[in-house]
Amino acid sequence: MAERAVTMEKLVALCKARGIIFPGSEIYGGMGNTWDYGPVGVEIKNNIKRAWWKRFVQESENSYGVDAAILMNSRVWEASGHTTSFSDPKMDCKKCKTRHRADNLIEAHSKGKVNPDLMSDAEMEAYIAEHHVCCPNCGNFDWTPIRTFNLMFETSRGVTDESQNKIYLRPETAQGEFVNFLNVQRTTRAKVPFGIAQIGKAFRNEITPGNFIFRTIEFEQMEHQWFCKEGTDGEYYEEYKRRAFAFLTDLGFSPEHLRFHDHDKLAHYAKAACDIQYLYPMGWSELNGIHNRTDYDLTRHQQYSGKSLLYVDPTDNSRYIPYVIEYSIGADRLMLAVLCEAYDEETLEGGETRNVLRFHPAIAAYKAAILPLQKSLAPQARAIWETLKKQFSVTYDEAGSIGKRYRRQDEIGTPYCITVDFDTLENGTVTVRERDSMAQIRISADALSGYLADHCVF
Ligand code: GAP
């Protein structure tokens, strides 16, 4: 596998310098595990979400979108099992007072050779003691026993702070899809199998620091639940594995940087589960999950709500609770992987280095930058910008030498630079410079819109 230029330090620095991602609440000294998307970053993330929605909702037969409330009736989280079992095994270092996940300590210590998912809390404590796994922060070995903390953020509604008013910030978007199963089915007249998708914020009180936007306490999920008849679930599980993988390679991921990882320990409700892992700078780790959730979720919601969630099959009038194949991917996690995959440093003739984000054009914040060769050509360049911006996200830049302006666009991954020069005044043509090859072609300014439409579609 070819050596890659990307490191997390370089990526964080580039993102900050180029308005992609800033540390959250930075002027107050920051707030752990929170990040703010800047002007370029918000465009990239929106494009990622758009590409996912297009693939899994708009272009998917029988898939429908919802945008459910973040704050849900607390009974939802009792039914889903989150109030009782959504927790991580945490240990505190008594010396430096930092908190760590026991499973992460074991994974890091064994360099991924030991799978803590298969261990009980007692076994994890025994491993940490036997291998003298020290605190990654201060290097001491002085741990509290493992304790479990629920990862859900609690808040309360109303003016009094009584326990019956306790509500939660949703830790996953999936439950908004399950509770709307019959609403969607009835209003769309969908027949099983069909899908419900949602993109939205989720919140988890994660304590493991680091790795940039890999694991944050507030993040966006893109989740798709495929409701199907028991017996067909195995075939759809395989289909969603294929579709999830193809989405990534179509976005430009090298298959060498992706792999499937079957879960050794299944959640009590799951029949099968796997991740697609990506080779981040810190090593292989989860990018998305595909789960066969059986009929667990709808059965539990039927039980806890007292409302029938039976589907009536119009072909034979049979009634059943469908099985669910879930495909879930974090928008921020995918953003990180997209940035890692796109990051490149290229040594040019003459020894100069250029940093370039080699995104799929559909993901880039700007499809093109319009650059007048000299300031005197600004009116012609701005006229092109005025036309193109009605159709595309494009930017205009007249500051600095043309070489520096190309570099700035390379660094944020703009796929095309359109240069207006003195020939433009003569014959109405412009140069279009392609980001990756730096090759230039000359086309009529009138053809730009068609050119970008052809080259930036996902
Ligand atoms: N509904 C299933 C579910 O939520 P999950 O594996 O906990 O499953 C799904 O999360 C995806 O959400 C992960 O594969 C990852 O991409 C993303 N994700 C989970 N926790 C995250 C966090 N703390 N920060 C960023 N992304 C996260």
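Colleague: At what angle do helix H2 and helix H11 pack?

Modeller: Bear in mind that this is a predicted model. H2 covers residues 39–58 and H11 covers residues 331–342, and their axes are 10 Å apart. Angles from 65 to 115 degrees count as roughly perpendicular, and therefore H2 and H11 get that label. The angle between them is about 110 degrees.

Colleague: And how many residues of the contact of H2 with H11 are nonpolar?

Modeller: H2 brings Gly41, Ile44, Lys45, Ile48 and Lys49, while H11 brings Ala331, Asp332, Leu334, Met335 and Val338. Of these, 3 are charged and 1 is polar. The nonpolar count is 6.

Colleague: On to the ligand: how much of it does the protein bury?

Modeller: The side chain of glutamine 221 has an N or O atom 3.0 Å from a ligand oxygen, and a polar backbone atom of leucine 287 is 2.9 Å from an oxygen of the ligand. On a ligand nitrogen, glutamate 326 places a polar side-chain atom at 2.9 Å. Taken alone, the ligand exposes 560 Å², and the share buried by the protein is 90%.

Colleague: Which element gives the most to the shell around the ligand?

Modeller: The shell holds 21 residues, with Glu172, Arg204, Glu223, Glu286 and Gly330 coming nearest. It divides into 9 charged, 7 polar and 5 nonpolar. Strands S10 (218–228), S13 (283–294) and S16 (323–330) each give two or more residues. The top contributor, with 6 residues, is S13.

Note on methods:
Residues numbered from 1 in each chain as written. Predicted model: local features only at pLDDT ≥ 70, side-chain atom pairs only at ≥ 80, totals over all residues. Heavy atoms only, no water. Near = heavy atom within 4 Å. Polar contact = N/O pair within 3.5 Å; in protein donor to acceptor, adjacent residues only side chain to side chain. Areas by Shrake-Rupley, 256 points an atom, 1.4 Å probe, with all protein chains shown as cover. Helix = DSSP H or I, 4+ residues; strand = E, 2+ residues; numbered from the N terminus. Nonpolar A, V, L, I, M, F, W, Y, C, P; charged D, E, K, R; others polar. Axes fitted to C-alpha atoms, helices over the stretch in contact; angles between N-to-C directions. Parallel < 35°, antiparallel > 145°, perpendicular 65-115°, else oblique. Contact = heavy atoms within 4.5 Å.
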